[in-house]
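Open the structure in your viewer and keep the selection tool at hand. This tour goes stop by stop: select, look, move on.

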Amino acid sequence: MTTEAPVLLALDLLGTFAFALNGALTALRVARLDIVGVVTLGMITALGGGIIRDVMLDSLPPATFSDWRYLAVAAGGGLIAFVFGRHLDRLNSSITVLDAAGLSLFAVTGAGKALALGLGPAQAVILGAVTGVGGGTLRDVLVRQIPSVLSSGLYAIPALVGATATVVVTLLGVYGLPTAIGAAALCFGIRMVGVHFGLNAPMPRAAPGPGSDDG
Amino acid sequence: MTTEAPVLLALDLLGTFAFALNGALTALRVARLDIVGVVTLGMITALGGGIIRDVMLDSLPPATFSDWRYLAVAAGGGLIAFVFGRHLDRLNSSITVLDAAGLSLFAVTGAGKALALGLGPAQAVILGAVTGVGGGTLRDVLVRQIPSVLSSGLYAIPALVGATATVVVTLLGVYGLPTAIGAAALCFGIRMVGVHFGLNAPMPRAAPGPGSDDG
Amino acid sequence: MTTEAPVLLALDLLGTFAFALNGALTALRVARLDIVGVVTLGMITALGGGIIRDVMLDSLPPATFSDWRYLAVAAGGGLIAFVFGRHLDRLNSSITVLDAAGLSLFAVTGAGKALALGLGPAQAVILGAVTGVGGGTLRDVLVRQIPSVLSSGLYAIPALVGATATVVVTLLGVYGLPTAIGAAALCFGIRMVGVHFGLNAPMPRAAPGPGSDDG
């Protein structure tokens with residue numbers, strides 16, 4: 001337990017930073033928002049997953065509000081993206097890589113925090129995945145896109161794999177910085193392979209035609 | 001109190017199953033999602049209302065995470081809908097009936113759990129209705145539809161009626177499986193009559209013209 | 001502390017009323033909803049910010065559910081807007097003014113409640129702003145608009161200013177009805193000046209072109 005807290009904090013802040021950059025760059029891409037809108041979307045993307053996690057775990061107020069470093073890192077990431085985002089030639093690929101990084105880090109820290117607070121292994125896996133996909137889902141809803149967790153098959157799966165790896169190494173008693181980074185790298189690798197090859201999970205064989213609205 | 005817990009659990013799991021099928025079939029209808037997206041939308045629809053209820057009641061972690069049966073039923077329902085959904089000739093009516101079933105069961109179990117945890121009658125009615133409409137509202141937001149609770153007059157009303165019936169039979173001391181099913185059937189009946197006849201609550205007499213955006 | 005609770009309650013109920021009118025009028029404007037949809041959107045707008053605040057503060061069940069006056073004021077405001085909304089010649093400006101009023105009052109009460117429950121000054125400022133913008137953001141997501149907090153530069157900033165003023169007067173020991181109203185008026189004034197002159201915070205100098213979807 002003595003090694004868990006600093007590892008968790010470092011990876012959590014790194015994930016917060018990646019998602020803050022990602023959310024702010026998304027704001028630059030999808031809508032002509034001013035600096036407040038850009039930084040706000042960055043902060044919501046960065047802090048959303050951890051807030052959902054802490055609400056589920058009854059660990060309130062969320063770490064975001066009890067530890068100023070989360071707010072500072074999230075706001076800083078959003079500002080950096082606002083200032084330097086327009087110089088980025090490859091905005092879309094930056095957004096994708098940063099999203100995969102945040103997804104991976106939060107899946108690991110979410111599962112780790114769930115275990116530390118006494119949840120069972122299966123619950124920790126689910127909660128880790130929810131932490132990973134939560135911020136990006138809020139981001140997509142706010143800018144009116146279908147969330148990646150629904151539209152992209154290899155988005156929830158790598159998060160579940162990363163969270164499972166975290167639970168396994170914890171149960172084996174070898175959780176620490178190297179194994180946590182390994183679990184995150186596993187998630188990141190699967191996600192990026194999926195993006196690169198455009199892979200998806202199995203689709204329904206016969207797609208039902210779109211029906212008229214009822215209800 | 002001794003008869004409440006098993007009744008609550010059975011109806012809650014049945015509602016979870018109905019909403020999991022409904023959410024997954026909705027995913028098949030509105031967007032060409034792969035298996036992960038279909039199952040994920042089914043699980044969010046199935047578990048969303050109960051999670052909102054448990055957060056409001058400070059009953060955390062939510063039942064979803066402390067009782068594996070919810071996760072299993074939600075995931076199973078989503079998978080079944082993915083496999084068999086393409087064979088359904090009458091996808092829209094299945095979606096409507098399953099949605100009404102989940103709405104009814106969750107309105108009853110939400111009100112019952114609120115009373116069991118000490119909330120007053122009026123609060124239990126509101127929280128029951130919130131539990132009933134919660135999962136479907138998350139589903140509609142994620143696939144970018146106007147939520148049924150806003151667009152369909154006879155959606156919130158049957159949920160409020162079912163929750164009120166639950167509170168009344170509980171205060172009369174006759175809460176049990178038969179009366180709980182009766183309360184759910186009342187809600188389900190009103191909802192289906194509303195769908196069948198296309199009924200709505202009163203509309204504004206003179207609709208204001210759509211204005212330009214301000215703000 | 002003895003003067004805080006009634007001040008907080010009075011301003012909180014006033015903000016609830018303003019947001020209930022605002023949400024219901026928004027429902028009349030953006031979609032042809034029936035009475036249930038109009039009142040429901042009014043109630044979500046009115047109660048959403050306070051519920052998010054109370055969840056973050058672990059003050060559960062939310063004030064909404066433990067104090068019937070919030071429910072009554074929110075429902076009453078929604079009904080009044082439904083009945084009289086069609087007579088309003090200047091629907092858009094009413095919506096804007098009511099939104100600014102709710103934003104201002106909730107920023108002040110949110111920050112005040114956060115301080116009263118022991119959060120630090122910076123956290124209270126953020127939580128006040130979240131309380132102010134929360135209900136309107138839920139409203140915009142449900143009717144599928146880009147939330148004001150993202151699209152309008154001078155929306156989050158006045159909320160932060162009002163919350164900061166609340167924290168300052170509290171730390172100076174002069175928090176009471178006059179200073180709380182002063183803090184809300186400061187927020188309201190900045191917001192309305194921003195609306196009147198169409199002001200925004202700085203925009204990115206070179207807007208990146210819209211990219212193709214990835215992910």
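**Stop 1: a cysteine**

Select Cys187(B). Cys187(B) is buried, with a relative accessible area of 0%. Buried means under 20% relative accessible area, exposed means over 50%, and partly exposed lies in between, using a 1.4 Å probe and protein chains only. Now switch to Cys187(A). Cys187(A) is buried too, at a relative accessible area of 0%. How many disulfides does the structure hold over all chains? The count is zero. A disulfide here is a pair of cysteine sulfur atoms within 2.5 Å.

Before you go on, note the ground rules. This is a predicted model, where local features need pLDDT of at least 70, side-chain atom pairs count only at pLDDT 80 or more, and totals for chains, interfaces and linings use all residues. Residues are numbered from 1 along each chain as its sequence is written, chains are lettered from A and ligands numbered from 1 in the order in which they are written, and side-chain values use heavy atoms, with hydrogens and water left out.

**Stop 2: chain A as a whole**

Show chain A as a cartoon. Chain A has nine helices and zero strands. Helices (H or I, at least four residues) and strands (E, at least two) are DSSP runs, numbered from the N terminus. Trace chain A from the N terminus, and the elements read α-α-α-α-α-α-α-α-α. Of the 215 residues in chain A, 58% are buried.

**Stop 3: spans from the UniProt record**

Colour chain A by its annotations. An unreviewed UniProt entry lists "transmembrane region" for several spans of chain A, including residues 35–56 and 97–116. UniProt positions are given in the numbering used here, feature names are shortened, and annotations may be inferred rather than shown by experiment.

Select residues 35–56 of chain A. This span is 100% helix and 0% strand, and its end C-alpha atoms lie 31 Å apart. Next, select residues 97–116 of chain A. That span is also 100% helix and 0% strand, with end C-alpha atoms 29 Å apart.

The unreviewed UniProt entry also gives "domain: Glycine transporter" for residues 10–84 and 97–169 of chain A. Select residues 10–84 of chain A: the span is 85% helix and 0% strand, and the end C-alpha atoms are 24 Å apart. For residues 97–169 of chain A, the values are 86% helix, 0% strand and 25 Å between the end C-alpha atoms.

**Stop 4: an aromatic pair**

Rings of Phe, Tyr and Trp (its six-membered ring) pair if their centres lie within 6.5 Å; planes under 30 degrees apart count as stacked, over 60 as edge-to-face and the rest as tilted. The count is three aromatic pairs over all chains. Select Phe19(A) and Phe106(A). They form a tilted pair, 5.4 Å centre to centre, with 55° between the planes. This pair links distant parts of the chain: Phe19(A) sits in helix α1 (residues 4–30) of chain A and Phe106(A) in helix α5 (residues 91–116) of chain A, 87 residues apart.

**Stop 5: salt bridges**

Side chains of opposite charge can pair when their charged atoms come close. A salt bridge is a side-chain nitrogen of Lys or Arg within 4 Å of a carboxyl oxygen of Asp or Glu. Over all chains there are 18 salt bridges.

Select Asp99(A) and Arg139(A). Their closest N and O atoms are 3.1 Å apart, in a salt bridge. The pair joins distant parts of the chain, with Asp99(A) in helix α5 and Arg139(A) in helix α6 (residues 121–142) of chain A, 40 residues apart. Asp99(A) is buried at 5% relative accessible area, and Arg139(A) is buried at 4%.

Now select Arg53(A) and Asp54(A). Their side chains meet in a salt bridge at 3.0 Å, N to O. Asp54(A) is buried at 0% relative accessibility, and Arg53(A) is buried at 2%. Jump to chain C, where Arg53(C) and Asp54(C) form a salt bridge with closest N and O atoms 3.0 Å apart. Both Arg53(C) and Asp54(C) are buried.
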